[in-house]
Amino acid sequence: MRRLAAMVIAIALAVAMWDGAAVAVDRDDLDAYRGLGTWVDVFDYVPAFQNAGSTPSVTTRNFDDMARLGVKTVYLQAAQDDERSPGNTIDPKRLGRMLRAAHDADLLVVAWYAPRFIDVDADFLRVRALLDFEANGEEFDGFALDIEANRAVPVTEERNDALVDLSERIRDRADDRPVGAIVLEPVLLEEVNTAFWPEFPWRKLASLYDVWLPMAYWTNRNSESGYREGFRYTDENIRRVRNNLDDKDAPVHAIGGIADTALAKDYEGFMRAVKRDDAIGWSVYDYSTTVSSAWPRLRSG
């Protein structure tokens, strides 16, 4: 009887160790977040979000152009907490066409969503719909949560609780699929506007996300700050993200921008920081506003 019990325990331990190893391998597969990316939001491609008389600036025909420019992954806003998008995702037929067309162009697609944290259940339903989304057998290659809304839940402690709660649900639903956190840049939170989101819960989120995508928008800073340039702002934000997570090797995909107000030297500095800090990927916000002359510099990574 003791021998049988020992065998059962040994088998259980072996299974647990095998499962843990499998999860580690799968969650380490961050291909969708590596290399050059570009961004498309609902205001680019969803008719309901266009101004009267305007047509979407991004359609399925643009994906071949993205691939030609060297883009590997398109980050596609696929859900929105907005009465113009009443379902849990953007119109599923349109979303499916975008996903299939991107895959046909040999692009990977990471779906993203920006919660407001008023109703965590509703936020999670939208995220779950994206994690489970299929279009003729096609699925998203990754998911990232855009963590920046601070107005709907003004009390920091309540907003942090909602964020952690939602993140834990996403981690559980995603299982061994890698999940990204699109985060406000630490320089903004710690230097520029400390009241925007004080006590951001970096350490509580550290084990719930696999890759970090700081919005290092140097174009939002003024010249007097010393931060309105691509290299310093990108470099410092990557280093601060890793320090805040207490993980010097945390995978980072750096987001620069805003594209149409960036200078050529800023792109060069941005790419220098990406390389210096071993970011696994990089992109600028967004596709529609990235000028032609920027793409060769962005491909240099």
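Which side chains meet in a salt bridge at 3.1 Å, N to O? They are the side chains of Asp165 and Arg169. The model described here is predicted. Its sheet is a closed barrel of eight strands in the order 1-2-3-4-5-6-7-8, with parallel pairing. Neighbouring strands of this sheet are turned against each other by 25 degrees on average, direction ignored. Across the whole structure, a search finds 20 salt bridges.

**Strand 1 and its partners**

- Strand 1 covers residues 35–40 and is mostly covered, with six of its six residues buried.
- Strand 1 pairs with strand 8 (residues 281–285) in the parallel sense, over two bridges.
- Leu36 stands opposite Trp282, a residue of strand 8.
- Strand 1 also pairs with strand 2 (residues 73–77), in the parallel sense and over four bridges.
- Gly37 has Thr73 in strand 2 as its bridge partner.

**Strands 3 and 4**

- Strand 3 (residues 108–113) is paired with strand 4 (residues 142–147) through four bridges, in the parallel sense.
- The bridge partner of Val110 is Gly142, which belongs to strand 4.

**Helices against the sheet**

- Helix 6, made of residues 156–174, lies across strand 4 and strand 5 (179–184).
- The direction of helix 6 is at about 180 degrees to strand 4.
- Helix 9 (residues 230–245) packs on the sheet, where it touches strand 6 (211–216) and strand 7 (253–257).
- The direction of helix 9 makes about 140 degrees with that of strand 6.

- Ser85 has a relative accessible area of 5%, so it counts as buried, the cut-off being under 20%.
- Leaving aside residues up to four places away in sequence, Ser85 touches Phe49, Gln80 and Ile90.

- Asp81 and Arg116 meet through their side chains in a salt bridge of 3.0 Å, N to O.
- This pair links distant parts of the chain, 35 residues apart: Asp81 is in the loop between strand 2 and helix 4, and Arg116 is in the loop between strand 3 and helix 5 (120–131).
- Asp81 is partly exposed at 27% relative accessible area, and Arg116 is partly exposed at 37%.
- Arg173 forms a salt bridge with Asp132, and their closest N and O atoms are 2.5 Å apart.
- That pair also links distant parts of the chain, 41 residues apart, with Arg173 in helix 6 and Asp132 in the loop between helix 5 and strand 4.
- Arg173 counts as partly exposed because its relative accessibility is 34%, and Asp132 counts as partly exposed because its value is 39%.

- Asp165 and Arg169 are four residues apart in helix 6, so about one helical turn separates them.
- Asp165 has a relative accessible area of 29% and is partly exposed.
- Arg169, with a relative accessible area of 25%, is partly exposed.
- Elsewhere, salt bridges that share partners join Glu190, Glu191, Arg232, Glu236 and Arg240 into one network.

Key:
Residues are numbered from 1 along each chain as its sequence is written. This is a predicted model: local features need pLDDT of at least 70, side-chain atom pairs count only at pLDDT 80 or more; totals for chains, interfaces and linings use all residues. Side-chain values use heavy atoms; hydrogens and water are left out. Two strands pair if DSSP finds at least two bridges between them. Axes are lines fitted to C-alpha atoms, for helices over the stretch in contact, and angles run from 0 to 180 degrees between N-to-C directions. Contact means heavy atoms within 4.5 Å. Buried means under 20% relative accessible area, exposed over 50%, partly exposed in between (1.4 Å probe, protein chains only). A salt bridge is a side-chain nitrogen of Lys or Arg within 4 Å of a carboxyl oxygen of Asp or Glu.
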